[in-house]
Amino acid sequence: MRVLGVDPGLTRCGVGVVEGVAGRPLTMLGVGVVRTPTDAELGQRLVAVEQGIEQWLDEHRPEFVAVERVFSQHNVRTVMGTAQASAVAMLCAARRGIPVALHTPSEVKAAVTGSGRADKAQVGAMVTRLLRLGAPPKPADAADALALAICHIWRAPVQNRLQQAVALHAAQTTASKGRTA
C-alpha cells in the first residue's frame, strides 16, 4: 500500500509518502513541505498548495491519501487556513479517484507513539525509528505527514474490515425486512 500523508497548512503543508503493509517494515518514498508566501492572496496560496500536491500525486502515484482531520482550535485564522489546505488536498485526490482518509491528530500520535498526547519531538523520533531514517524529517510538518501515512497503513485493514461488516449487516437487515414485508 502506498499512502501520501498530508499535514495541511497554508504556510507549510507537510507531505510524505510511505509504502508498506501493517506488520512489515515500512519504506519512506519521499518527504517535503509545500510552502506558500504569507504575503500572497489567499486564492494564490491555495493554488500553490494545489500545484504542490498535484506534483506529489504525479510523482508518487499513491493508492490512498491520508489527511489530518481539522479540529477546533482557539485561533480561528489558523483553523480556517488548515481547513482550506485540507480541502485542497482532498479535492486533488478526489479528482483522481484516490480514496481519502481523515485521521485526528490524537489518533495519529497514538498509532505512531502509543500515546495520543505525544509531542512533536516524540512523533518525529518514532517516525525516524519506524522508517529507519538517519534523522527526524524537518520541519515537524514533514514528520507529521509521514506519521499520517504510517497511521493509515496500520489502521486501514481494521477500518476496511469494520466497513465491510457494517455493509454486510445493513444488507442482511434490508434483506430480512424485504422478506417480512
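**Exercise 1. Cysteines**

Task: In this predicted model, find how many disulfides the structure holds, and explain why C92 and C151 form none.

Solution.
Step 1. A disulfide is a covalent bond between the sulfur atoms of two cysteines. The cut-off for the sulfur pair is 2.5 Å.
Step 2. For C92, the closest cysteine sulfur belongs to C13 and is 9.4 Å away, too far for a bond.
Step 3. For C151, the closest cysteine sulfur is again in C13, at 17 Å, which is too far for a bond.
Step 4. The count for the structure is 0 disulfides.

**Exercise 2. Accessibility**

Task: Decide whether C92 is buried or exposed, and how R69 is classed.

Solution.
Step 1. Buried means under 20% relative accessible area, and exposed means over 50%.
Step 2. C92 has 0% relative accessibility, so C92 is buried.
Step 3. R69 has 39%, so R69 counts as partly exposed.

**Exercise 3. The surroundings of R69**

Task: Locate R69 and list which residues R69 touches, leaving out those up to four places away in sequence.

Solution.
Step 1. R69 sits in the loop that links β4 (64–68) to α2 (76–95).
Step 2. With that exclusion, the contacts are L102, H103, T104 and P105.
Step 3. E107 is 38 residues from R69 along the chain, and their C-alpha atoms are 9.8 Å apart.

**Exercise 4. Nonpolar cores**

Task: Which members of the largest nonpolar core touch the most other members?

Solution.
Step 1. The core has 18 residues, and V18, V127, L131 and I150 touch the most other members.
Step 2. Its largest share, 7 residues, is supplied by α5.
Step 3. Another core, of 17 residues, lies apart from it and includes V17 and C92.

Technical notes. Residues are numbered from 1 along each chain as its sequence is written. This is a predicted model: local features need pLDDT of at least 70, side-chain atom pairs count only at pLDDT 80 or more; totals for chains, interfaces and linings use all residues. Side-chain values use heavy atoms; hydrogens and water are left out. Buried means under 20% relative accessible area, exposed over 50%, partly exposed in between (1.4 Å probe, protein chains only). Helices (H or I, at least four residues) and strands (E, at least two) are DSSP runs, numbered from the N terminus. Contact means heavy atoms within 4.5 Å. A nonpolar core is a set of buried Ala, Val, Leu, Ile, Met, Phe, Trp, Tyr and Cys residues joined through side-chain atoms within 4.5 Å.
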